[in-house]
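Biologist: I am new to this structure and would like a close look at one part of it. Could you walk me through it slowly?

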Amino acid sequence: MSFDDPTDFSDEREPIPERFHSFETGGPFKICSVCSRAFDEDEPHLIEKAFQKGETVYEYAICQPCHDGIREELSEESRQRIESHLREAIGRAELFDDPLERCIFSGRELGEEHLICGLFVGRWMVPQFPCFAISGEEMEKIAGLLSKSTRERLDQFTDDVLGIPGLTNPVPVLV
Ligand SMILES: [Zn+2]
């Protein structure tokens, strides 16, 4: 995933959907989960939330500098594999009525375990980066594309930032 020019808005802005609000605060994320920097009006940030049986397993919002920093630590090979896997799928997701109701990879309905991910700027959606959802099954396939070192870095993120040591699935799609 890339933050390339996320500020190129069309005229109509749509606010961040409630599904991306913080379970912890009940409202929109206001700070970066990594560096605690407050998101201002035009701050690009990524939000990911994972659910299991209707409950939030984890959630985070991450600012662009923190996201760039973590991506740089991931192996080039893993990043490229995930990026090309995602790029193809994002084209497909535009055909869904509601991209948050179907898995971007399988096209099937989301099961009890799934995650949602989106790129936002300030309080707004970014039209050229549609939000998407991934089923638990497809998350396992993505985890299989990661190198050992990338997997270890993401495990560290899950442990340090999300406070969930030993989470095997889903893994954050920070790439
Ligand atoms: Zn940050």
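Predicted model: local features only at pLDDT ≥ 70, side-chain atom pairs only at ≥ 80, totals over all residues.

Biologist: Is D97 buried or exposed, and how many other C-beta atoms lie within 10 Å of it?

Modeller: Residues are numbered from 1 along each chain as its sequence is written. D97 is exposed, with 6 other C-beta atoms within 10 Å; exposed means 12 or fewer, buried 20 or more, with C-beta atoms placed from the backbone. You will find D97 in the loop between helix 2 and strand 3 (113–121); helices (H or I, at least four residues) and strands (E, at least two) are DSSP runs, numbered from the N terminus. The C-alpha atom of D97 is 32 Å from that of T158, a residue 61 positions apart from D97 along the chain.

Now step back to helix 2 itself, residues 76–93. S78, L86 and A93 are the buried residues I would point out here. Looking down the helix axis, the buried residues fall within an arc of 40 degrees, so they line one face of helix 2; the arc is that of the directions from the axis to the C-beta atoms. They pack against strand 5 (132–135) and helix 4 (148–160), where contact means C-beta atoms, placed from the backbone, within 7 Å. On the other side of helix 2, E76, Q80, S84, R87, E88 and G91 are exposed.

Terms used. Expected span 1.5 Å × (residues − 1). Contact = placed C-beta atoms within 7 Å.
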